[in-house]
Amino acid sequence: MIVEHCGFGAVFERSRRPHLPVNGLFLSKEFHALYAAGYVTVTPDHQVRVSERLRTDWSNGRRYYPYDGKQMIQLPTDPAMRPSRDALAWHIEPIFKNAG
């Protein structure tokens with residue numbers, strides 16, 4: 001988990017199995033909003049990325065940049081319950097705002 005308070009972030013919107021744990025992340029309300037808007041993503045190796053666009057688009061984001069490049073705080077011990085690597089990779093290309 002990125003933070004201890006929960007909100008469910010859909011990892012892979014187009015999944016045929018949308019309600020499985022592998023298709024979601026538990027995120028704080030703030031991180032969920034940033035994830036949905038493409039300002040935050042999680043790489044297939046579970047590294048948090050925070051887009052520079054958060055700073056340029058909103059002149060803000062200082063509290064989130066310390067998470068950039070960090071591993072997720074907690075992953076399920078059962079690998080079958082971890083977020084799908086394919087779904088995480090999918091979020092990066094069409095959603096994550098990694099360019100200026």
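The second largest pocket of this predicted model is lined by A33, L34, A37, Y39, L54, W58, N60, G61 and Y64. A pocket here is an open set of points, on a 1 Å grid over the protein atoms alone, where a 1.4 Å probe fits, with protein on both sides within 12 Å along at least five of seven lines; lining residues have an atom within 4 Å of a point. Helices (H or I, at least four residues) and strands (E, at least two) are DSSP runs, numbered from the N terminus. The most is given by α1, with three residues. The space in the pocket comes to about 150 Å³, where a volume is the space filled by probe spheres set on the points, and grid points are joined across faces, edges and corners.

What does the lining contain by class? Seven of its residues are nonpolar, two are polar and none is charged. In this scheme Ala, Val, Leu, Ile, Met, Phe, Trp, Tyr, Cys and Pro count as nonpolar, Asp, Glu, Lys and Arg as charged, and the others, Gly among them, as polar.

Residues are numbered from 1 along each chain as its sequence is written, and side-chain values use heavy atoms, with hydrogens and water left out. As the model is predicted, local features need pLDDT of at least 70 and side-chain atom pairs count only at pLDDT 80 or more, while totals for chains, interfaces and linings use all residues.

I turn to the chain as a whole. Three helices and four strands are present, in the order β-β-α-β-β-α-α from the N terminus. Of the 100 residues, 36% are buried; buried means under 20% relative accessible area, exposed over 50%, and partly exposed in between, with a 1.4 Å probe and protein chains only. The chain exposes about 6,400 Å², 53% of which is supplied by carbon and sulfur atoms; these areas come from the Shrake-Rupley method with a 1.4 Å probe. Among contacts (heavy atoms within 4.5 Å) between residues at least 6 apart in sequence, 56% join residues at least 24 apart.

The largest nonpolar core has 15 residues, of which L25, L34, V40, V50, L54 and Y64 touch the most other members. Such a core is a set of buried Ala, Val, Leu, Ile, Met, Phe, Trp, Tyr and Cys residues joined through side-chain atoms within 4.5 Å. At least two residues each come from α1, β3 (40-42) and β4 (48-50), and α1 gives the most, with three.

Next, the loop between β3 and β4, which holds T43, D45 and H46. T43 counts as buried because its relative accessibility is 11%. Beyond its neighbours within four places in sequence, T43 is in contact with R49, L88 and I92. D45, by contrast, is partly exposed, because its relative accessible area is 42%. D45 and M72 are 27 residues apart in sequence, and their C-alpha atoms are 9.3 Å apart.

Finally, backbone angles. Most residues other than glycine have a negative phi. H46, although not a glycine, has a positive phi of about 70°. Is H46 buried or exposed? H46 is buried, because its relative accessible area is 10%. S59, also not a glycine, has a positive phi of about 50°. S59 lies in the loop between α2 and α3 (85-92), and counts as exposed because its relative accessible area is 64%.
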